[in-house]
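I opened this entry to keep a record of what I looked up, beginning with the surface and ending with the charged pairs.

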Amino acid sequence: MSTFSRTATLFSTVVLGSMLATTTVSSVNTVVNASETETTQAATTKKNYALKILQGDKDATSTASQFYLDTISLEKQANGNYYAYLTSNTPVNLGDKPISSEDTQHQVVEMGTTEKNGHNQTVYRLTLTADELASGQPIKTKVHVKLDAMDYDHKYDIRLAIQGFKPETAASSSANTSSS
């Protein structure tokens, strides 16, 4: 390695090292702000609402309603959308997950399954827009029912009628913002 290369390497190490030290000190605010943002987001709460599961094409109760809990949890996200947590509740003798989501519109994520009182409870997280919820109309979703022991395999449209949800009004959201 030539003297020039050694000098250049040493110089860049010193300059880079001082930049890193400066960057680290000035980045503390960024780290603190990021930490506060994560804490604020983690402080969001889920609210439970009564749920009616309706047939896909009429306002009659769906047979599928007997295989879901009659509540749904909503959790508002920073972008204004909501996570909706829907829980299936199927007898253990029907298998681990005889009902699954086929919904491609609501970014459905299966959160996990637990056994409780002889039933498998699988929680599904759907992403719902504020407009969907504010419309007051039941939210359409798709489910797949597969019962191997009975040779039953069908897909259905169902609608989720969330009872008692009141969208945040513009007045209440603007009250939370400060003006200068």
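I began with the surface: the protein has an accessible surface of about 12,100 Å², and 53% of that area belongs to carbon and sulfur atoms. Accessible areas come from the Shrake-Rupley method with a 1.4 Å probe, and for residues only the protein chains shown count as cover.

I noted the conventions before going further. This is a predicted model, in which local features need pLDDT of at least 70 and side-chain atom pairs count only at pLDDT 80 or more, while totals for chains, interfaces and linings use all residues. Residues are numbered from 1 along each chain as its sequence is written, and side-chain values use heavy atoms, with hydrogens and water left out.

Next I looked up burial, and found that 26% of the 180 residues in the protein are buried (under 20% relative accessible area, with exposed meaning over 50% and partly exposed in between, for a 1.4 Å probe and protein chains only).

For the fold I listed four helices and eight strands, taken as DSSP runs numbered from the N terminus (helices H or I, at least four residues; strands E, at least two). Read from the N terminus, the order of elements is α-α-β-β-β-β-β-β-α-β-β-α. Of the contacts (heavy atoms within 4.5 Å) between residues at least 6 apart in sequence, 57% join residues at least 24 apart.

I then turned to salt bridges, meaning a side-chain nitrogen of Lys or Arg within 4 Å of a carboxyl oxygen of Asp or Glu, and the search of the whole structure returned six.

Lys97 and Glu110 form one of them, with their closest N and O atoms 2.8 Å apart. This pair links distant parts of the chain, since Glu110 sits in strand β5 (residues 109-116) and Lys97 in the loop between β3 (82-91) and β4 (99-101), 13 residues apart. Glu110 is partly exposed at 39% relative accessibility, and Lys97 is also partly exposed, at 42%.

Lys155 lies in strand β8 (residues 152-163) and Glu102 in the loop between β4 and β5, so the pair ties together parts 53 residues apart in sequence. I recorded Lys155 as exposed, at 57% relative accessible area, whereas Glu102 is partly exposed, at 29%.

The side chains of Lys146 and Asp148 also meet in a salt bridge, at 3.5 Å from N to O; Asp148 is exposed, at 62%, and Lys146 is partly exposed, at 39%. Finally, I noted that salt bridges with shared partners join Lys140, Lys142 and Asp157 into one network.
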